[in-house]
Amino acid sequence: MKSFLWIFNFNAGLHMFTSTIKGPLCNFSDTQNFAPWFCAAPRDKHLNCSHLRTYHTNVNGLVKALESCLHNTVDKMLLVRSRKMVDHTIGTLQIMPATDKDHHSILNNLTRHLPYCKANGPPLIRTNGYYYADKWIPFSCKVRVFSKTEIKRCLAGKTLHFFGDSTARQFYEFLQEEIGCEDIGLPPPRITSTREFRCSIDQIILHFHFHGLPNGQNKPIPSWSNHYVASEIDNLKGGPDTIIFLSLWAHFSMTGLPFYEGRMRSIRESLHRLQTRSNGTSVFVKGVNTRDYWKKQFILVSSDWHSLKQEQKLRELFQNDTNFGYIDSWEITNVQPFPDQTHPERIIIENLVNRLMTFICIKENF
């Protein structure tokens, strides 16, 4: 039996929640993972909450509930796009084409005096670099550009767990393509899950895990496939050959900051438990990136202002974890030469992956 899912907003309170779903509720909340989860109870008197097998988020219902709170004028203003162009021409600038050899030489000169970037927790929120030849050049440290061969050599014998939303899956898919990683089966019942992937090649294992609820898609999802990050991390053995990568934010725009903070705190605590029992486990946290707002749904539940608040909260939570590496995707997408997208262009992902690989791989003997 299918049920409609609603995650209520802690800021708006339970009012919107109860005004949308009428009748009794099934409580599937997971307090350990800070995951309030309520579904409409079956209407058939012969069924109870244990009979629910699939769920989906009632996104359309959420949008309608939010729209009902808007004045018509405000509603129209949300969809207005400015077409005014700003004339900032101050003269003619001639750009001379450069060869690949020139780019390589210039990049070396730009960064040769800088140390390699190290994993030392989240930095301050500011634009700390610039683009040159599609490469992001930080002011304070150097990012190495890795070849496919170097990536495979560095990751040999390691297992990388990617936890989060589709922005984490982008990293998984990028590395899967780079190293030619072949899909491998998952243990039942996860074998049929579309939200978990695993691949292996040359003693390298990549594993993507979706973060569990909230899920901003309307597609029905089996209830057994809902696994929370903190619980998944608690089940890991860990160790020097285990790498944890986190990127989760996009689906939390409709839940409010207190909800997001609570979930991230539970994950952070699980990471501390993992490092306590398995010294040497590496942890990397990717921040929020700018996104597009091509649908009214996105405009109503999110904005770059809200994303920035998420980013600030994320850095605040991990500010004392100086042994964690922080992938600053806010700065690199905030000034990118491409349109903002929830899933940035491959060039952007390549830059972010190079930062991750620099954290992981740059050793004295590499």
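Me: What does the side chain of Asn289 make a polar contact with?

Reply: The side chain of Lys286, at 3.0 Å. Bear in mind that this is a predicted model. The Asn289 side chain also reaches the backbone oxygen of Gln341, at 3.4 Å.

Me: Where is Asn289 found?

Reply: In the loop between S13 and helix H9 (296-301).

Me: Buried or exposed? And which residues does Asn289 touch?

Reply: Asn289 counts as buried because its relative accessibility is 1%, and the cut-off for buried is under 20%. Leaving out residues up to four places away in sequence, Asn289 touches Thr167, Trp249, Ser329, Trp330, Thr333, Gln341, Thr342 and Pro344.

Me: OK, the sheet. What order do the strands come in?

Reply: S8-S9-S10-S7-S12-S13-S14. It is an open sheet of seven strands, and the pairing is mixed.

Me: Which strands stand at the edges?

Reply: Strand S8 (182-183) and strand S14 (325-327). Each has a single partner strand, so one side of each has no neighbour in the sheet.

Me: How many bridges join S7 to S12?

Reply: Six, and the two strands run parallel. As an example, His161 has Ile244 in S12 as its bridge partner.

Me: Which helix lies across S12, S13 and S14?

Reply: H12 does, and H12 runs at about 170° to S14.

Me: Now the largest nonpolar core. Which residues touch the most other members?

Reply: Leu155, Phe162, Leu206 and Met357, out of 37 residues in that core. At least two residues each come from helix H5 (148-155), strand S7 (159-164), helix H6 (166-179), strand S9 (196-201), strand S10 (204-210), strand S12 (242-247) and helix H12 (346-361). H12 gives the most, with nine residues. Apart from this core lies another, of 25 residues, including Ile233, Phe252, Phe259 and Phe318.

Me: Why would nonpolar side chains be buried together?

Reply: As a general point, that is what they tend to do in soluble globular proteins.

Me: Back to Leu206. What is Leu206 in contact with?

Reply: Setting aside neighbours within four places in sequence, the contacts of Leu206 include Leu160, Phe162, Tyr172, Leu175 and Phe197. Gln176 and Arg198 are also among them.

Me: And H5, which residues are buried there?

Reply: Glu150, Ile151, Cys154 and Leu155. Looking down the axis of H5, the buried residues fall within an arc of 120°, so they line one face of the helix. They pack against S7, H6, S10, S12 and H12.

Me: What follows H5?

Reply: Gly157, with a positive phi near 85°.

Me: Which residues other than glycine have a positive phi?

Reply: Ala133 is one of them, with phi near 50°. Ala133 sits in the loop between strand S5 (129-132) and strand S6 (135-138). Its relative accessibility is 34%, so Ala133 counts as partly exposed. Asp202 is another case, with a positive phi of about 45°. Asp202 is in the loop between S9 and S10.

Me: Last one. Which residues does a cis peptide bond join?

Reply: Leu213 and Pro214, with omega about 5°. Pro214 lies in the loop between S10 and strand S11 (221-222).

Conventions
Residues numbered from 1 in each chain as written. Predicted model: local features only at pLDDT ≥ 70, side-chain atom pairs only at ≥ 80, totals over all residues. Heavy atoms only, no water. Core = buried A, V, L, I, M, F, W, Y, C linked by side-chain atoms within 4.5 Å. Buried < 20%, exposed > 50% of the residue type's maximum accessible area, 1.4 Å probe, protein only. Helix = DSSP H or I, 4+ residues; strand = E, 2+ residues; numbered from the N terminus. Contact = heavy atoms within 4.5 Å. Pairing = 2+ DSSP bridges. Axes fitted to C-alpha atoms, helices over the stretch in contact; angles between N-to-C directions. Arc of directions from axis to C-beta. Polar contact = N/O pair within 3.5 Å; in protein donor to acceptor, adjacent residues only side chain to side chain.
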